[in-house]
Amino acid sequence: MTLREFYDKIGVDPTNVLQRFGGSEAMLGKFVKKFLADGTFVQLTEAVAKSDWEGTFRAAHTLKGLSGNFDFLKIHELSSKIVERYRAGDFDAIAPLFDELKVRYEETVNYLTEFCGQN
């Protein structure tokens, strides 16, 4: 799978993210692979499971930034919503958002793992 095919599978046009990486698919590919090693989602999962809302906020905010850098738009949108719900004090809304985020995250990681295995 090529980098463009990966982005196609997650429903994103890579034009904008490529611009942030100087138009270099090789450079973007190198950095996007590092997403797999990032532990932020594990931290978020643990925080939500413990109803640790401060930890949930920190991890969701970090994931929001990280996913935004790579234009992982579905992950970015859901992470943003979790951050917003935390700021509004609406903690009951976080678990359903996290459940949806988990599906999107796992989908992205599966495609990214496929991309990395072929490159």
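This is a predicted model: local features need pLDDT of at least 70, side-chain atom pairs count only at pLDDT 80 or more; totals for chains, interfaces and linings use all residues.
Helix α3 itself covers residues 25-32, and its buried members are Leu 28, Gly 29 and Val 32. Looking down the axis of α3, these buried residues stay within an arc of 100 degrees, so they line one face of the helix. Turn to the face pointing away from that buried side, and the exposed residues Ala 26 and Lys 30 show up.

Next comes helix α4, which takes in residues 40-49 and packs with α7. Two packed helices are described by the angle between their axes and the distance between the axes. For α4 and α7, the angle is about 150 degrees and the axes sit 11 Å apart. Roughly antiparallel is the label for angles over 145 degrees, and α4 is therefore roughly antiparallel to α7. Their crossing is left-handed. On the α4 side, the residues involved are Phe 41, Leu 44, Thr 45 and Val 48; on the α7 side, they meet Ile 94, Phe 98, Leu 101, Lys 102 and Tyr 105. Sorted by kind, the residues of this contact come out as seven nonpolar, one polar and one charged.

Helix α4 has another packing partner in α5, with an angle of about 155 degrees and axes 8 Å apart. These two helices are therefore roughly antiparallel to each other as well, and α4 passes α5 in a left-handed crossing. From α4, the contact draws on Thr 40, Phe 41, Gln 43, Leu 44, Ala 47 and Val 48, while α5 supplies Gly 55, Thr 56, Ala 59, Ala 60, Thr 62 and Leu 63.

Thr 56 belongs to helix α5, which runs over residues 53-69. Since buried means under 20% relative accessible area, Thr 56 counts as buried at 1%. Leaving aside residues up to four places away in sequence, Thr 56 touches Leu 44, Ala 47, Val 48, Ile 82 and Ile 94. Of these, Leu 44, Ala 47 and Val 48 are also listed on the α4 side of the contact with α5, and Ile 94 is listed on the α7 side of the contact with α4.

Ser 51 is in the loop between α4 and α5, and its phi is near 55 degrees, a positive value in a residue other than glycine. Ser 51 is partly exposed, at 43% relative accessibility. Asp 71 lies in the loop between α5 and α6 (73-87). Although Asp 71 is not a glycine, it has a positive phi of about 60 degrees. Asp 71 counts as buried, with a relative accessible area of 10%.

Back in α7, which spans residues 94-117, sits Glu 106. With a relative accessible area of 38%, Glu 106 is partly exposed. Glu 106 and Gly 117 are 11 residues apart along the chain, and their C-alpha atoms are separated by 16 Å.

Technical notes:
Residues are numbered from 1 along each chain as its sequence is written. Side-chain values use heavy atoms; hydrogens and water are left out. Helices (H or I, at least four residues) and strands (E, at least two) are DSSP runs, numbered from the N terminus. Buried means under 20% relative accessible area, exposed over 50%, partly exposed in between (1.4 Å probe, protein chains only). Contact means heavy atoms within 4.5 Å. The arc is that of the directions from the helix axis to the C-beta atoms. Axes are lines fitted to C-alpha atoms, for helices over the stretch in contact, and angles run from 0 to 180 degrees between N-to-C directions. Angles under 35 degrees count as roughly parallel, over 145 as roughly antiparallel, 65 to 115 as roughly perpendicular and the rest as oblique. A crossing is left-handed if the near helix is turned anticlockwise from the far one by less than a right angle, and right-handed if clockwise. Ala, Val, Leu, Ile, Met, Phe, Trp, Tyr, Cys and Pro count as nonpolar, Asp, Glu, Lys and Arg as charged, and the others, Gly among them, as polar.
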